[in-house]
Amino acid sequence: KLSTLQNRYNAISTDQGVKTREFKYVQGIANNLGLSAEVLSTEYTKLYTAARGTKLQGAELKQLFEGVAASVRTLNLTTYESELVFNAYAQILSKGKLSMEELRQQLGEKFPPAMGVFARSLGVSVAELDALTSKGAILSDDILSKVGKQLKLEYDPIVGSVGDSYTASLNRFQNEVMNVNLQLIDTFEGLFIAINKPWRRIVTG
């Protein structure tokens, strides 16, 4: 699991410093909300990959990620349901244009407030959103930038009022165990390299 987790961040960068920084960012969000850092790592790297070549980068991508995370925590969605919600956002982003099928069926089925959130992010009614989407007039990266802001506006103030559940406490504990294991791996890898360096010089001449 740990090697798989580390490999996921290769989708972001081959630079170890960048990967470490991004993992710590995701871990901070996970611990704050009581969500699994392993699950959030998977979903963050999926969003990051889907955003390549789009205008949704940097702070705006993180804003969307944080907004979605806060919304699934507030609604107390299961891990499976949360994964489906994140997948729906990644698919919307990768398609280039918003489609009502993805919004209503893939996202709306697991996150019922979706239609209202998307409409409010544009300052239009749900009916107007439907009409604009039918015309293919809404670009995915454009609206998801606005949706990220809207999600944080609506869910950040209330996510803190959601009581800590057994699952949230367990997630934080597992996140800490995972963090300790990753630190041990880094320590022993560094020790292994230090011990083997002289031998490598001898073997290679």
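What share of the 205 residues of the chain counts as buried? The figure is 41%. The model is predicted.

## Overall fold

The chain has ten helices and zero strands. Read from the N terminus, its elements run α-α-α-α-α-α-α-α-α-α.

Take the contacts in the chain with a separation of 6 or more: 69% of them join residues 24 or more positions apart.

## Aromatic pairs and cluster

The count of aromatic pairs comes to eight. One of them joins Tyr25 and Phe65. Their ring centres are 6.0 Å apart and their planes make an angle of 50°, a tilted arrangement. Tyr25 and Phe65 are both buried.

Tyr44 and Tyr48 make another aromatic pair, this one edge-to-face. Here the centre-to-centre distance is 6.1 Å and the planes are 65° apart. Tyr44 and Tyr48 are four residues apart in helix H3 (residues 37-50), so about one helical turn separates them. In general, an α-helix has 3.6 residues a turn, so residues three or four places apart point the same way.

Which residues form the aromatic cluster? Tyr25, Tyr44, Tyr48, Phe65 and Phe86 form one such cluster. A charge also meets one of these rings. The charged end of Lys62 sits over the ring of Tyr25, at 4.8 Å from the ring centre.

## Buried polar and charged side chains

Glu43 lies in helix H3. Is Glu43 buried or exposed? Its relative accessible area is 2%, so Glu43 is buried. Setting aside neighbours within four places in sequence, Glu43 is in contact with Glu83, Phe86 and Asn87. Phe86 is also a member of the aromatic cluster.

Gln27 is in helix H2. It has 10% relative accessibility, so Gln27 counts as buried. Not counting residues up to four places away in sequence, Gln27 touches Ala37, Asn175 and Asn179.

## Helix H6 and its cover

Helix H6 (residues 100-107) has buried residues at Met100, Glu102, Leu103 and Leu107. What covers them includes helix H5 (79-95), H7 and helix H8 (126-134).

How do H5 and H6 run relative to each other? Their axes come within 10 Å and cross at roughly 170°. An angle over 145 degrees counts as roughly antiparallel, so H5 is roughly antiparallel to H6. On the H5 side, the contact is made by Val85, Ala88, Tyr89, Gln91, Ile92 and Lys95. On the H6 side, Glu102, Gln106 and Leu107 take part. By class, the contact of H5 with H6 has five nonpolar, two polar and two charged residues. Glu102 and Leu107 of this contact are among the buried residues of H6.

## The H7–H9 crossing

In general, two packed helices are described by the angle between their axes and the distance between the axes. Helix H7 (residues 114-122) packs against helix H9 (residues 140-159) at an angle of about 110°. The two axes are 8 Å apart. H7 and H9 are therefore roughly perpendicular to each other.

H7 contributes Val117, Phe118, Arg120, Ser121 and Leu122 to the contact. H9 contributes Ile143, Leu144, Lys146, Val147, Gln150, Leu151 and Glu154. The contact of H7 with H9 divides into seven nonpolar, two polar and three charged residues.

Where is Pro112? It is in the loop between H6 and H7. Pro112 has a relative accessible area of 61%, so it is exposed. Pro112 and Leu75 are 37 residues apart along the chain, and their C-alpha atoms are separated by 10.0 Å.

Technical notes: Residues numbered from 1 in each chain as written. Predicted model: local features only at pLDDT ≥ 70, side-chain atom pairs only at ≥ 80, totals over all residues. Heavy atoms only, no water. Axes fitted to C-alpha atoms, helices over the stretch in contact; angles between N-to-C directions. Helix = DSSP H or I, 4+ residues; strand = E, 2+ residues; numbered from the N terminus. Parallel < 35°, antiparallel > 145°, perpendicular 65-115°, else oblique. Contact = heavy atoms within 4.5 Å. Nonpolar A, V, L, I, M, F, W, Y, C, P; charged D, E, K, R; others polar. Phe/Tyr/Trp six-rings, centres within 6.5 Å; stacked < 30°, edge-to-face > 60°. Buried < 20%, exposed > 50% of the residue type's maximum accessible area, 1.4 Å probe, protein only. Lys NZ or Arg CZ within 6 Å of the ring centre and 35° of its normal.
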